[in-house]
Amino acid sequence: MAGDNTQQWVHLNGTLVPKSGAGVSIYDHGFLYGDGAFEGIRVYSGNIFRLKQHVDRLYASARSLGFSLGISKEEFTNRIAETVRINGHNNGYIRVSVSRGVGLGLDPKHMNSEATVVISTEELRLYSQEMYETGLNVITASTRVPPACCIDPQVKSLGKYINNIAAKEEANRVGAGEALMLNMSGNVAEATGDNLFLVRNGRITTPPTSEGALPGITRGAVIDICQTLGIPCSEAVTTLYDVYAADETFLTGTAAEVIPMVTCDNRTIGDGRPGPITNSIIAEFRKLTLVDGYHV
Ligand code: PXG
């Protein structure tokens with residue numbers, strides 16, 4: 001990781017510029033309307049974890065929002081790798097933010113630039129090691145995820161996060177580590193920045209994206225790990241009953257990785273400690289982070 005006084009660079013619309021002072025227009029559609037998308041990516045010992053999947057999801061987000069990123073996926077991948085290399089950022093977080101571009105007025109006809117593309121490397125603010133060992137206390141937020149017919153949860157769009165931030169604030173207010181979010185039917189969709197997994201009777205389930213979950217890259221990795229370990233894993237509509245009655249539960253996300261969840265709404269899940277299946281998945285995930293991805 002680069003030291004504090006090392007010059008850091010940001011990839012801004014195709015050019016590497018010094019991070020200090022890097023910025024976008026006050027008329028950027030991302031800033032004005034949340035009209036854009038983002039990716040949070042992790043690099044482990046020089047391996048950009050599942051970079052292809054992140055780039056694919058970003059392009060799908062932009063396509064569904066109806067704007068072009070203007071460059072090929074290969075070029076985009078190279079820009080991310082170049083940013084990691086120049087910043088000597090072998091471990092940490094990569095933030096990729098894109099928007100429709102610059103233009104006042106919500107009508108996309110009035111854009112006067114191509115898409116805005118920003119790639120930066122950042123330090124992560126992680127959960128403490130203790131939380132991985134003892135597990136997270138989680139609440140159910142009163143803030144719901146919007147129905148998929150209004151804002152599709154598969155799009156990692158900038159604008160939809162006002163809701164997730166409101167739910168995260170609910171967790172903060174009561175000192176919980178995360179908040180689960182329900183959809184309009186009252187089923188569990190996901191947490192504010194993580195996907196949910198349940199273990200019951202040796203079988204693993206996770207809510208489907210149609211219930212309001214983002215198709216998380218870490219979620220995909222855990223589904224693959226279950227296959228490797230021979231643990232049955234499937235998508236299932238999930239209620240709070242399922243959460244409360246589970247033997248083990250855990251959350252997955254780029255920032256949190258795989259983290260046990262041991263209480264929900266002040267109810268103890270299982271025996272209140274990270275369970276054996278969760279721990280075996282965490283161990284397997286650690287190995288995968290070093291080998292599955294793009295080596296810079
Ligand atoms: N659900 C939501 C709503 C998310 O935002 C995940 C699930 C997990 O997806 P991945 O692909 O990370 O396994 C996310 C991920 C940030 C930040 O800027 C947010 C995420 C990831 C990294 C950084 O706070 N969200």
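**A helix pair and the ligand**

Modeller: In this predicted model, helix 6 and helix 8 are roughly perpendicular to each other, because their angle of about 110° falls in the range of 65 to 115 degrees that counts as such. Helix 6 covers residues 217-229 and helix 8 covers residues 276-291, and their axes are 10 Å apart. On the helix 6 side, the contact is made by T218, A221, V222, I225, C226, T228 and L229. These meet S280, I281, E284, F285 and L288 of helix 8. By class, the contact has eight nonpolar residues, three polar ones and one charged residue.

T218 also belongs to the surroundings of the ligand, where 20 residues are found. The closest of them are Y161, E190, I217, T218 and T254. An N or O atom in the side chain of T218 is 2.6 Å from an oxygen atom of the ligand. For I217, a polar backbone atom lies 2.7 Å from a ligand oxygen. The side chain of R57 has an N or O atom 2.9 Å from an oxygen atom of the ligand. Of the 550 Å² of accessible area that the ligand has on its own, the protein covers 86%.

Definitions and conventions
Residues numbered from 1 in each chain as written. Predicted model: local features only at pLDDT ≥ 70, side-chain atom pairs only at ≥ 80, totals over all residues. Heavy atoms only, no water. Axes fitted to C-alpha atoms, helices over the stretch in contact; angles between N-to-C directions. Helix = DSSP H or I, 4+ residues; strand = E, 2+ residues; numbered from the N terminus. Parallel < 35°, antiparallel > 145°, perpendicular 65-115°, else oblique. Contact = heavy atoms within 4.5 Å. Nonpolar A, V, L, I, M, F, W, Y, C, P; charged D, E, K, R; others polar. Near = heavy atom within 4 Å. Polar contact = N/O pair within 3.5 Å; in protein donor to acceptor, adjacent residues only side chain to side chain. Areas by Shrake-Rupley, 256 points an atom, 1.4 Å probe, with all protein chains shown as cover.
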